[in-house]
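Student: I've got the model open and I'd like to walk through it with you. Can we start with the sheets and go on from there?

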Amino acid sequence: MEVSSLRRTIVSWLQAGPMVLVFFAFFLIPLVFVTIVSFWNYNDYEMIPEFSGRGYTDTFEGCIDQLPQFCTILRTYGSTLKFCIIVWALTLLIGFTVAYFLAFHVKSKTWQIALSLLCTIPFWTSNVIRMIAWIPLLGRNGVVNQVLVGLHLINEPLEWLLYSEFSVIIAFVHLFTFFMVIPIFNSMIRIDKSLIEAAYDAGATGWQTLINVILPLSKPGIVIGSIFVITIVMGDFITIGMMGGQQIASAGKIIQTRLDAIQFPAAAANAVILLIATMMIIVGMMRLVDIRKEL
Amino acid sequence: MAVQAALELVSVTKRYGATVAVDAIDLKIPAGTYCCLLGPSGCGKTSTLRMIAGHESVSDGDIVLGATNVTLLPPAKRGTAMMFQSYALFPHLSVLDNVAFALKMSGVDKPTRHAKAMDLLKLVAMDGYAGRLPTQLSGGQQQRVALARALITEPQMLLLDEPLSALDPFLRVKMRAELKRLQRELGITFIHVTHGQEEAMALADLVVLMNGGKIEQQGSPREVFNAPRSEFVAKFIGGHNVITTSTGKVAVRADHAKLFRSGTVWDGQSISAEVTDVEYQGTYVQITMRGSDGGDLVAQISEADFDSQPVTPGENVLFGWNPATAHPLS
């Protein structure tokens, strides 16, 4: 009895082992290094291994003096957070709708699988190519402007279609809705169909069923999808850079700029700040739903 | 508790594409009846129940409840309530909120609907579990909650889809008695779908035996058991032998059969048979035989009768019956 339970423990550790190793080697250890380096000193061309809070104080430089106006770092985080909220709301709305369609309107399993695979098509090309593809569409002389001008809906091309907050949001939503669709679909597909009939039997309208039954039971999927989208958008600098025409600051962009300037401790300090900010958002979301219970 | 209403099905048909699941059935269920729709799987009994509930559209025909033609009405407007096979309790809601769900949907305020839900939980002796989640309850407890939830709208008719199939045999018998008690107390019609003839016999005022989308026979359990109309009914309801005689097929109850040694002269009817099995069942002895017509035969005889003339497997016997107790089958 004891031998077999010991064997079971060993087997389960062996099964979890590879993931544990990867997690330690490529995530936890680098994270510890980043945190240590963030407290090092640095000058214009090298980092100095001695304790210093300069990485943090430089980042928040002038933030107290400039109050009530926000300093650069706060404004940048504000802007990133704004993207985060808008993109989260849009991907959630679209993702929930698509998942609902897949789970409840598509009756056959084959079609459900086929249509979910269809959602993955954007991922068949690289992120960069997908973003570049927006340029001929949204540019000053792009398809959208040409059509609008051609239909005499506008007199001159719209300037805000590309290299603007609008184009950043469009690209984010296009890229990341899929990360909402799959976990929400996965939650919805596990909802017993007889629950929906039971709600209908109790006189619930379609809308009432959605709010009182489907939405609460889709919560785990919504939270997992939201974590994907929020962590990616909070840390992104490529999409905001490319679609924003390198004109929009973001939390990720700050880290990149510091790295370019070989100010590694400052970059590391910013990475730690970003990590804390993102963790706070996720902890907040987890409080709304006890995900371990829901799973 | 609720208005009494009779249910009438008028040539109700359900087609799925080319297949006919329910074939123009006519059925009248008087108010306050415990009715069991009985039959093998795929006989159309569940489709019939779901059409009465309004969860399945009717291809042809009418469903009339009381004075209202409810064929096209949504479930909640029919005055029926359904209890689902797997109970379909909302896993994210407490027992109390599950029961109060229908009232919440119709906009009843919280104190009123919770008070009403508590009354119903008391009715099914589950008021001590109001704050629990469905997953924290046993199968039998979940079923009581599902019952309370279905009854909160004060339906004229409760529709139960194989309500006892998810329970273990001991609990099944216990819940069976409870369903019957509840139906008596409430005085409303229960329509109960089952494939267990024993369950139907124990519960029903009216047994409706279905096969192949049609009603094979309907009547009180005693009527159906004592006068099965067809070979299918006799075999499905159990306890009967179907024997081919010169005048056609007849049904003979296993407990009405008599056994004689081969060559015995007997003034009733008989066929020769070979004993294949002898089982002691406590209150009776069950003897299985292969008849000379090739069919299986079963006789249940009292222990005393068996002892006075014991038989063993392989022995040739005469399976006899009194023609007055045999029922000709169509």
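Student: In what order do the six strands of the open sheet in chain B come?

Tutor: Keep in mind that this is a predicted model. The pairing in this sheet is mixed. β6 (80-83) and β10 (214-219) of chain B have a single partner strand each, so one side of each is left without a neighbour in the sheet. From one strand to the next the twist averages 20 degrees. Reading across, the order is β6-β7-β8-β3-β9-β10.

Student: Which residue of β10(B) stands opposite B:L209?

Tutor: Look at strand β9 (residues 206-211) of chain B, which pairs with β10(B) in the antiparallel sense. Five bridges hold that pairing. Opposite B:L209 you'll find B:Q217.

Student: Now the open sheet of five strands in chain B: which strands stand at its edges?

Tutor: The pairing here is antiparallel, in the order β13-β17-β14-β15-β16. An edge strand has a single partner, so one of its sides is left without a neighbour in the sheet. Neighbouring strands are turned by 45 degrees against each other on average, direction ignored. The edges are β13 (258-261) and β16 (296-301).

Student: And what does B:M289 stand opposite in β16(B)?

Tutor: Strand β15 (residues 285-291) of chain B pairs with β16(B) over six bridges. The two run in the antiparallel sense. Opposite B:M289 is B:L297.

Student: Which residue takes a positive phi in the hairpin of β1(B) and β2(B)?

Tutor: Strands β1 (residues 7-16) and β2 (residues 19-29) of chain B run antiparallel, joined by seven bridges. Along them, B:K14 stands opposite B:V22. The hairpin has two residues between the strands. The positive phi, near 60 degrees, belongs to B:G17.

Student: Over in chain A, how far apart are the end C-alpha atoms of helix α8?

Tutor: Helix α8 (residues 165-189) of chain A has 25 residues, and at 1.5 Å a residue it should span 36 Å. There's also a bend of about 40 degrees at A:F176.

Student: Last one: is B:Q136 buried or exposed?

Tutor: You'll find B:Q136 in the loop between α3 (110-123) and α4 (139-151) of chain B. Its C-alpha atom is separated by 55 Å from that of B:A273, 137 residues apart along the chain. B:Q136 has 12 inside 10 Å, so it counts as exposed.

Technical notes:
Residues are numbered from 1 along each chain as its sequence is written. Chains are lettered from A and ligands numbered from 1 in the order in which they are written. This is a predicted model: local features need pLDDT of at least 70, side-chain atom pairs count only at pLDDT 80 or more; totals for chains, interfaces and linings use all residues. Two strands pair if DSSP finds at least two bridges between them. Helices (H or I, at least four residues) and strands (E, at least two) are DSSP runs, numbered from the N terminus. Axes are lines fitted to C-alpha atoms, for helices over the stretch in contact, and angles run from 0 to 180 degrees between N-to-C directions. The expected span of a helix is 1.5 Å times one less than its number of residues. The bend at a residue is the angle between axes fitted to the seven residues ending there and the seven starting there. A residue is buried if 20 or more other C-beta atoms lie within 10 Å of its own, exposed if 12 or fewer, and partly exposed in between; C-beta atoms are placed from the backbone.
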